[in-house]
Amino acid sequence: MTEKTKTYCLINYGCQMNESDTEHYAGQLEEMGYAPVSDFHIADVIVVNTCCVRESAEKKIAGKIGELKAVKTKNPDVVICVAGCMAQKDGEKLLKKHPQVDLLLGTAYVNDFKQVLQDYLADRKGGAYTDLTVHQSEFEGQMVRQSPFAAWIPIMYGCNNFCTYCIVPYVRGRERSRSVENIVAEIEAAVREGYKEFTLLGQNVNSYGKDFGEEEAFAKLLRRVDRIPGVERIHYMTSHPRDMSEEVVKAVAECEHICENFHVPFQAGSSEILRRMNRGYSKEKYLALIDLIRRYVPDAAITTDIIVGFPGETEEDFEETLDVVRRVGFTSAFTFIYSKRSGTPAARMDNQVPLPVKKERLNRLMALQNENSLRCHQQLVGKTVEVLAEGPSRQADVWAGRTRTGVLVLWPVEDKKYEVGQKVKVLLDAAQTWLVKGKAVD
Ligand code: SAH
Ligand code: SF4
Ligand code: F3S
């Protein structure tokens with residue numbers, strides 16, 4: 001009798017870095033002979049990859065881990081692993097609260113997951129792996145990627161910035177860059193598998209290579225990746241406005257495959273709030289960077305992250321945030337209500353802003369940004385753009401894809417056949433807040 005194939009289910013929360021780590025877990029599980037299933041009730045191994053950047057994320061994830069209790073009761077052999085930032089932050093505390101969890105895998109153990117799991121299966125002794133100093137930044141294994149054409153490529157791990165509101169440096173450790181050779185080898189291998197679009201990931205990509213002591217290492221890396229045959233689109237995130245150099249902007253302007261979108265979180269418009277956030281730039285410096293980007297890349301789409309209700313934020317401070325949003329005209333923005341993260345300096349600051357005030361500010365900010373998004377999209381109407389097809393939209397006879405600048409485009413299939421990852425020329429004819437519609441022209 002043949003043995004039944006063992007299965008795994010991955011449940012991912014959080015940012016692109018987590019998505020990338022999850023693809024790495026999938027790769028290691030498949031190397032061990034496991035096959036994916038989407039229903040965690042029937043899996044032999046369940047990995048929940050967690051995020052703790054805001055309280056709302058943590059609450060949602062705690063609920064999901066709670067659901068796994070019944071799964072463990074029904075099937076005591078199932079292996080439940082909680083990985084990622086919340087595992088790193090809470091450690092043993094999380095194991096005590098959720099005894100159904102067998103393994104806790106901190107953020108420095110992504111490469112070692114296979115070994116940790118093998119050890120566990122041998123003796124069924126679980127525990128917490130949360131040492132932050134063991135991390136290796138080079139990587140050789142296999143990835144099982146979600147998309148058939150777009151790949152996440154981590155170029156560095158950790159963060160040294162310690163923005164006063166943010167938990168990430170505490171749960172991801174210090175900055176460590178991957179070598180250029182290791183990055184290029186992964187991209188070349190992905191190209192051989194048919195990948196076309198690459199997003200270089202790091203919490204602050206502009207400090208890539210500083211740990212090697214190299215000047216302008218990120219701009220050099222961009223130019224190097226641009227030369228890899230078969231690479232069609234390159235994105236990168238996230239850029240820190242303090243560290244983004246003219247050389248990087250120039251590289252984007254000059255390299256054929258680097259897309260004209262700049263994700264530059266400004267977080268707050270008031271220079272005083274920025275100072276207390278420890279962001280290392282003022283409102284004026286941020287606006288000067290935007291001018292620089294527009295000078296080199298006039299058609300660039302600029303996107304951002306914004307926090308409302310940082311401790312001590314007054315109505316006047318918030319008006320400065322609205323002023324930046326009005327002046328820059330972001331194509332889109334991720335907007336967040338400040339969430340107190342214990343252990344960070346901002347959590348101990350006086351004058352925490354009441355929730356109703358934060359909510360009201362968020363609503364005003366979102367209304368303004370929606371007008372901006374619509375205006376940016378209206379400016380595209382009448383243009384023919386290159387779209388990378390992602391697949392059918394909610395309607396099967398309408399396909400969806402993205403422009404080089406990341407704008408979502410929908411077009412009717414009519415009598416044509418498209419493939420995921422295919423380049424399609426679309427003439428845009430109608431703009432909405434979240435997307436632009438058009439017709440394929442070839
Ligand atoms: N390293 C990236 C992204 C970090 S997390 C960067 O520096 O931009 C993504 C976003 O979450 C941040 O840009 C910030 O806007 C938001 N964020 C981080 N901590 C937060 C907190 N405590 N409350 C609300 N939003 C937060
Ligand atoms: Fe957090 Fe700031 Fe680091 Fe981004 S740069 S991860 S916001 S500490
Ligand atoms: Fe990402 Fe959340 Fe961790 S945003 S770095 S998964 S805390």
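Where is Lys 358 found? Lys 358 sits in helix H13, which covers residues 355–378. Here are some notes to read beside the structure.

This is a predicted model, in which local features need pLDDT of at least 70 and side-chain atom pairs count only at pLDDT 80 or more, while totals for chains, interfaces and linings use all residues. Residues are numbered from 1 along each chain as its sequence is written, chains are lettered from A and ligands numbered from 1 in the order in which they are written, and side-chain values use heavy atoms, with hydrogens and water left out.

1. **Lys 358.** This lysine is buried yet has no salt bridge, and the nearest side chain of opposite charge, Glu 55, is 8.0 Å away. Buried means under 20% relative accessible area, exposed over 50%, and partly exposed in between (1.4 Å probe, protein chains only). A salt bridge needs a side-chain nitrogen of Lys or Arg within 4 Å of a carboxyl oxygen of Asp or Glu; for charge, Lys and Arg count as positive and Asp and Glu as negative, with His and the chain ends not counted. Beyond its neighbours within four places in sequence, Lys 358 is in contact (heavy atoms within 4.5 Å) with Val 308, Gly 309, Ile 337, Tyr 338 and Val 353.

2. **Ile 337.** You will find Ile 337 in strand E14, residues 332–337. Helices (H or I, at least four residues) and strands (E, at least two) are DSSP runs, numbered from the N terminus. Ile 337 counts as partly exposed, at 22% relative accessibility. Its contacts, leaving aside neighbours within four places in sequence, include Arg 54, Lys 358 and Leu 362.

3. **Cysteines.** How many disulfides does the structure hold? It holds zero, a disulfide being a pair of cysteine sulfur atoms within 2.5 Å. For Cys 9, the nearest cysteine sulfur, that of Cys 81, is 13 Å away; Cys 9 is buried, at 4% relative accessible area. The sulfur of Cys 52 is 5.2 Å from the closest one, in Cys 85, which is too far for a bond. Cys 52 is also buried, at 1%.

4. **Ligand 3.** Cys 52 and Cys 85 turn up again around ligand 3, in a shell that also includes Cys 15, Cys 51, Arg 172 and Gln 203. A residue is near a molecule if one of its heavy atoms lies within 4 Å of it. The shell divides into five nonpolar, three polar and one charged residue.

5. **Helix H8.** Seven of the 10 residues in H8 (residues 217–226) are buried, among them Phe 218, Leu 222 and Asp 226. Their cover includes helices H7 and H9 and strands E10 and E11.

Conventions:
Ala, Val, Leu, Ile, Met, Phe, Trp, Tyr, Cys and Pro count as nonpolar, Asp, Glu, Lys and Arg as charged, and the others, Gly among them, as polar.
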